[in-house]
Amino acid sequence: MDFAKTIVDWYAQHRRDLPWRDVGDPYKIWLSEVILQQTRVAQGLGYYKRFVSAYPTVEDLARADEDDVMRLWQGLGYYSRAHNLLKAAREVARQGTFPTTYEGVRALPGVGDYTAAAICSFAWGMPLPVIDGNVYRVLSRFFGIDLAIDTTEGRKYFAALAAHLLPPAGSADYNQGIMDFGATVCTPSQPLCREGCPLAETCKAAAEQQPDRYPVKSRRAAVRNRFFVYLFVTSEVGVWLHRRGPGDIWQGLYEFPLLEFDHKPTPSDVAAHPAMATLGIDPASLAEIVNGMKHVLTHRILLADCYVASPLRKLQEVPEGFLAVAPDELPRYAMPTLLERIKQRLISLGVQGIVR
Ligand code: SF4
């Protein structure tokens with residue numbers, strides 16, 4: 001069986017009609033690739049459309065205000081992608097044009113091997129293999145490769161195999177084809193081996209009847225619980241917010257004052273937390289309103305409580321590093337999904353100081 005031809009033929013019949021396909025615009029292809037990392041197409045599509053409508057060109061994005069970009073990104077997670085997107089757009093604007101070589105694209109902030117290859121292949125048809133999670137899965141299953149994909153040896157092996165399989169002409173269709181095939185036929189769970197997969201006849205994993213065995217990974221990172229308590233503090237000057245700093249997955253997003261614990265905290269633990277004094281919060285004012293809201297990240301499970309709290313004194317000022325926001329202004333501040341969910345809970349409970 002000619003593996004590449006089978007994929008290209010399958011793609012010609014089953015390709016998904018997506019707005020960033022066949023546009024030849026590296027900016028739009030790049031935008032779609034960044035959005036679709038860690039995000040399914042169905043969810044990413046709306047974000048892509050909103051971004052293109054707000055920033056039709058890379059120059060428009062380069063001129064954007066960071067808070068506006070973060071607000072558009074809100075809910076997608078992995079916020080460093082949005083920061084890098086903006087940084088790279090500004091770099092492109094500084095250079096005056098989108099780089100047109102693999103090396104030039106790869107040098108942009110936040111652009112790795114995969115994204116650079118995808119942009120160069122899909123925008124200009126450069127003969128480069130594009131290897132994402134879908135490609136690792138399809139290749140490892142079809143060829144029955146049990147080399148771990150998270151090792152240098154494994155990555156090198158798959159890179160060489162992918163380069164070897166790349167057809168001399170039409171590499172963009174092949175690359176998009178194998179990615180689509182992995183996303184819709186050779187899916188992580190319940191692949192369609194017996195439901196029309198055109199590779200089934202010679203697929204090793206199907207012959208072994210264990211597609212789930214592939215791809216192999218050498219280690220699975222331990223998942224750790226983190227215990228957060230957010231304080232919803234309203235004072236005369238407004239609701240207290242803090243902007244997350246650099247080096248953080250939620251960099252640039254806003255949140256309520258946060259206390260962290262190494263265990264599930266009781267109300268007395270919260271009242272005794274040293275930050276209560278630093279923030280000037282009255283421990284007697286604490287009232288728990290959200291308990292154990294769960295938010296799952298790749299290697300962390302966040303378990304968040306939220307307490308309504310008041311400052312010790314009627315302060316006109318907020319503690320250093322915080323700002324006070326009028327309740328009806330809150331929607332203008334981009335928050336991580338966990339905080340958005342807490343905010344929605346506060347709204348549904350009719351907590352004073354928060355408005356729909
Ligand atoms: S037969 Fe099954 S495991 Fe093999 S490529 Fe097709 S869907 Fe994937």
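Helix H9 has 9 of its 11 residues buried, so the rest of the structure largely encloses this helix. A residue counts as buried if 20 or more other C-beta atoms lie within 10 Å of its own, as exposed if 12 or fewer do, and as partly exposed in between, with C-beta atoms placed from the backbone. Helices (H or I, at least four residues) and strands (E, at least two) are DSSP runs, numbered from the N terminus. The model is a predicted one: local features need pLDDT of at least 70, side-chain atom pairs count only at pLDDT 80 or more, and totals for chains, interfaces and linings use all residues. Residue numbers start from 1 along each chain as its sequence is written.

**Helix H9**

- The buried residues of H9 are Asn 134, Val 135, Tyr 136, Arg 137, Val 138, Leu 139, Ser 140, Arg 141 and Phe 142.
- Their cover includes H1, helix H10 (152–165), helix H11 (171–184) and H12; contact means that the C-beta atoms of two residues, placed from the backbone, lie within 7 Å.

**The shell around the ligand**

- Of the 15 residues around the ligand, Cys 186, Cys 193, Cys 197, Cys 203 and Ala 206 come nearest; a residue is near a molecule or strand if its C-beta atom, placed from the backbone, lies within 6 Å of it.
- Two elements give two or more residues to this shell, namely helix H9 (133–143) and helix H12 (204–208).
- H9 gives the most, with 3 residues.
- By class, the shell has 14 nonpolar residues, no polar ones and 1 charged.
- In this scheme Ala, Val, Leu, Ile, Met, Phe, Trp, Tyr, Cys and Pro count as nonpolar, Asp, Glu, Lys and Arg as charged, and the others, Gly among them, as polar.

**The chain and its domains**

- The chain has 15 helices and 7 strands.
- Its C-alpha atoms fill a box of roughly 75 × 50 × 35 Å, taken along the principal axes.
- Of the 356 residues of the chain, 35% count as buried.
- Among contacts between residues at least 6 apart in sequence, 68% join residues at least 24 apart.
- The domain assignment gives domain 1 (3–131 + 161–181) and domain 2 (224–349); such bounds come from an automatic or database domain assignment.
- The C-alpha centres of domain 1 and domain 2 lie 35 Å apart.
- In domain 1, 11 residues are in contact with 8 residues of domain 2.
- On the side of domain 1 that touches domain 2, helix H5 (66–73) and helix H6 (80–95) are the elements that give two or more residues.
- H5 provides the largest share of that side, 4 residues.
- That side of domain 1 divides into 3 nonpolar, 5 polar and 3 charged residues.

- Helix H3 (residues 41–54) has 14 residues and reaches 20 Å from its first C-alpha to its last, close to the 20 Å expected at 1.5 Å a residue; the expected span is 1.5 Å times one less than the number of residues.
- Gly 44, Tyr 47, Tyr 48, Phe 51 and Val 52 are the buried residues of H3.
- They lie on the same side of H3 because they cover an arc of only 130 degrees around the axis; the arc is that of the directions from the helix axis to the C-beta atoms.
- On the other side of H3, Ala 42, Gly 46, Lys 49, Arg 50 and Ser 53 are exposed.
- The buried residues of H3 pack against helix H2 (26–36) and H5.
- In H5, the buried residues are Val 69, Met 70 and Trp 73.
- These cover an arc of only 100 degrees around the axis, which puts them on the same side of H5.
- The buried residues of H5 pack against H6.

**Loops**

- Tyr 78 is in the loop between H5 and H6, and its phi is near 45 degrees, a positive value in a residue other than glycine.
- Tyr 78 is partly exposed, with 15 other C-beta atoms within 10 Å.
- Gln 190 is in the loop between H11 and H12 and has a positive phi of about 50 degrees although it is not a glycine.
- Gln 190 is exposed, with 9 other C-beta atoms within 10 Å.
- A cis peptide bond joins Tyr 214 and Pro 215, with omega about -10 degrees.
- Pro 215 lies in the loop between H12 and strand S1 (224–235).
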